[in-house]
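Try each task yourself before reading the solution.

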Amino acid sequence: MYGVRLAWADLPSDVRGWVGQVLGAEVVEAVSQPGGFSPGSADRVRTADGTRAFVKAVSSAQNPDSPGLHRREIGVLGTLAEVSAVPRLLDAYDDGDWVVLVVEDVEGTHPRLPWTAEELDRTLQAWADLATMPAPATWPALEVEVAGEFGGWRALMDGPPHGLDPWVAGRLDRLDALARRTLPRLAGDRVSHTDLRADNVLVDPGGDVRIVDWPWASRGAAWYDAAALLINVRWSGDLDVRPHLPAVRALGAGEEDVLGVLAGLGGFFLQASRRPPAPGLPTLRAFQAAQASAAVQLLRELGI
């Protein structure tokens, strides 16, 4: 349940030619990568002389907001150039419409779905290492970036939709209050990916974890991404997340913080899933509905 992408062959010839110039030879193979919701391309490419890279490109014709996200990621990857867990940006292209990133190709695969305990442990450890890093002061503040999302329950309270889960309907006030109490707790000065899930994680053959796709990077609490990742874990299957909660708490999360993140994001996903389809993103609303269901399941399991 991911987005619909452009193929390499759909890119303008001058964009494809520029990639070849950056890599030093013509691209002879491009394999589209699944996952994520950008309507642009995302390809592992190989040139005539065997050089490999990962290339993603988008224009405003696919979605008016996507080029801005690519531009934002270019800046983030430049900041994280010396961080081994983050693939290196090799070059970038921006003609005012098309925006293209050429990034180090990481030999690895996404975590298996459903998540396994071993790969979740490795990912949480990799995130713990990244989360010790101070974020640039110029990055957006996390608690500001997600303030609208954490107001999702209030929007649902103002107009409860038909067919709302009775368990949710009976707790709207409580869920809204929990999300709002947690929002200021997200303030901090650590690196936050803000969109950590399986399709943004690569595990190499040696078991090392690399974190990819950084357009939403923010400055905030070290534990936010680890808590938010649990929704992706529950969405993918039935792995018990409770043995992994100490890893989240070790990053500074208080007793109520994990529940607060689940509540904040659950309200956002539920409210967003009921909006009209997003341009160029035909599968997004169904994905958001599934994420909302996973967040609610976790809230019930963890005892709100």
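**Exercise 1. Find the loop that holds T194, and say what its phi value is.**

Keep in mind that this is a predicted model. Start by placing the residue: T194 sits in the loop between β6 (190-192) and β7 (201-203). Next, look at its backbone: phi of T194 is near 75 degrees, a positive value in a residue other than glycine.

**Exercise 2. Which peptide bond is cis, and where does P114 lie?**

Check omega between L113 and P114: the value is about 0 degrees, and the bond joining them is cis. Then place the proline: P114 belongs to the loop between β5 (99-103) and α3.

**Exercise 3. Describe how α3 packs against α8.**

Two packed helices are described by the angle between their axes and the distance between the axes. Step one, then, is to get both: the axes of α3 (residues 117-131) and α8 (residues 224-236) come within 11 Å and cross at roughly 155 degrees. Step two is to name the arrangement: angles over 145 degrees count as roughly antiparallel, so α3 is roughly antiparallel to α8. Step three is the handedness, and α3 passes α8 in a right-handed crossing. Step four is to list who touches whom: L120, T123, L124 and W127 of α3 meet D225, A226, L229 and V233 of α8. Sorting these contact residues gives six nonpolar, one polar and one charged.

**Exercise 4. Which element gives the most residues to the lining of the second largest pocket?**

First get the pocket itself: its volume is about 230 Å³. Of its 13 lining residues, the closest to the centre are A85, A126, D129, D208 and V209. Now look for elements giving two or more residues to the lining, and you find α3 and β8 (209-211). α3 gives the most, with five residues.

Note on methods: Residues numbered from 1 in each chain as written. Predicted model: local features only at pLDDT ≥ 70, side-chain atom pairs only at ≥ 80, totals over all residues. Heavy atoms only, no water. Axes fitted to C-alpha atoms, helices over the stretch in contact; angles between N-to-C directions. Helix = DSSP H or I, 4+ residues; strand = E, 2+ residues; numbered from the N terminus. Parallel < 35°, antiparallel > 145°, perpendicular 65-115°, else oblique. Left-handed = near helix turned anticlockwise from the far one by under 90°. Contact = heavy atoms within 4.5 Å. Nonpolar A, V, L, I, M, F, W, Y, C, P; charged D, E, K, R; others polar. 1 Å grid on protein atoms, 1.4 Å probe; cavity = no way out; pocket = protein on both sides within 12 Å on 5 of 7 lines; lining within 4 Å. Points joined across faces, edges and corners; volume = space filled by probe spheres on them.
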